[in-house]
Amino acid sequence: MDIKDLRIFESVAKNESISKAAKELNYVQSNVTARIQKLEEELQTSLFHRHRKGMFLNPEGKKLLVYSKKITSLMNEMKKAMQHADQPAGKLDIGSVETVIKLPIILSSYNQKYPDVDLSLVTDVTERLIDQVLEHQLDGAFVSGFPTHHDLIQHPVFEEELVLISHSKLQSVEDLKTKPLLVFSTGCGYRAKLEEWLRDEGIVPKKMMEFGTLETILGSVVSGLGVTLVPKSTIKRLEKKQLIVCHSIPEKYSIISTVFIQRADSYASVTMNKFIETINQCRNEPRDSFIY
């Protein structure tokens, strides 16, 4: 067994398909099949449920995946530890919630300074991003409404105000009983704030509709479908064009912090240290310079 076997195993587990894993890894399909069979022979156990629709991890495969991720993560950290102090390089996998207004500037600034770093970004809700950082799937992530976790350290990015937006003026909080609430999936910090506020107000919404992107949520509010709670910085242009109406909510529920998280036990690589340094530099920029 070598590290390549584990990387192939992880790819098949993720894609649930030999052909998709082969395409992702740029290997011929027969090579991937042979490597998986060799791994199963060496471990003397089957690792997948094989079905005409794909391959799915069985209990033994799920057990191996935990160890495999730890091993490949340590290998990645070893490579980062060998880098020259003033030449960040390698791969940096970052996650983020959709509404980090400073994110384009942070990524652009970092990429210009350190072009040898292969920087990638995935977006998701806070809860799932936390899980991906804990499971070594991401090197770090920008999250909002972060609950303190002993296995994670956090770096402040900024604090902002959440506002309730609708297509037309709401007369009172009671109006929310009849309007659909447009939200991200469970695990989103903004959704959690909205649900907490409504629960304390004794409001039971008529309907909650989940969406995958901020753009779709904002477009749906503009069309009159429902209301939502989002950072004020994300709707300035819509408000200026009078396409939506903003409503303030109590400060207890409206103020939310965005932080960058990483594992507390991860190696302090120069690649990550320079990324944190870039975040701190961008924190001090005027907020208006990030509205685009």
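## Cysteines

In this predicted model, Cys188 has a relative accessibility of 7% and therefore counts as buried, the cut-off being under 20%. Cys282 is likewise classed as buried, because its relative accessibility is 5%.

A disulfide is a covalent bond between the sulfur atoms of two cysteines. The structure contains 0 disulfides. For Cys188, the nearest cysteine sulfur belongs to Cys246 and lies 17 Å away, whereas a disulfide requires two cysteine sulfur atoms within 2.5 Å. Cys188 is therefore in no disulfide.

Helix 2 covers residues 18–25, and its buried residues are Ile18, Ala21 and Ala22. Viewed down the axis of helix 2, these buried residues fall within an arc of 100°, so they line one face of the helix. An α-helix has 3.6 residues a turn, so residues three or four places apart point the same way.

Lys20 and Lys23 are exposed on the other side of helix 2.

## Surroundings of helix 2

Against which elements do the buried residues of helix 2 pack? Their partners are helix 1 (3–15), helix 3 (29–43) and strand 2 (54–57). Just after helix 2, Asn26 adopts a positive phi of about 60°.

## Asp5 in helix 1

Asp5 is located in helix 1. Is this residue, Asp5, buried or exposed? Asp5 counts as buried, because its relative accessibility is 2%. When residues up to four places away in sequence are not counted, Asp5 touches Arg35 and Leu39.

Methods:
Residues are numbered from 1 along each chain as its sequence is written. This is a predicted model: local features need pLDDT of at least 70, side-chain atom pairs count only at pLDDT 80 or more; totals for chains, interfaces and linings use all residues. Side-chain values use heavy atoms; hydrogens and water are left out. Buried means under 20% relative accessible area, exposed over 50%, partly exposed in between (1.4 Å probe, protein chains only). Helices (H or I, at least four residues) and strands (E, at least two) are DSSP runs, numbered from the N terminus. The arc is that of the directions from the helix axis to the C-beta atoms. Contact means heavy atoms within 4.5 Å.
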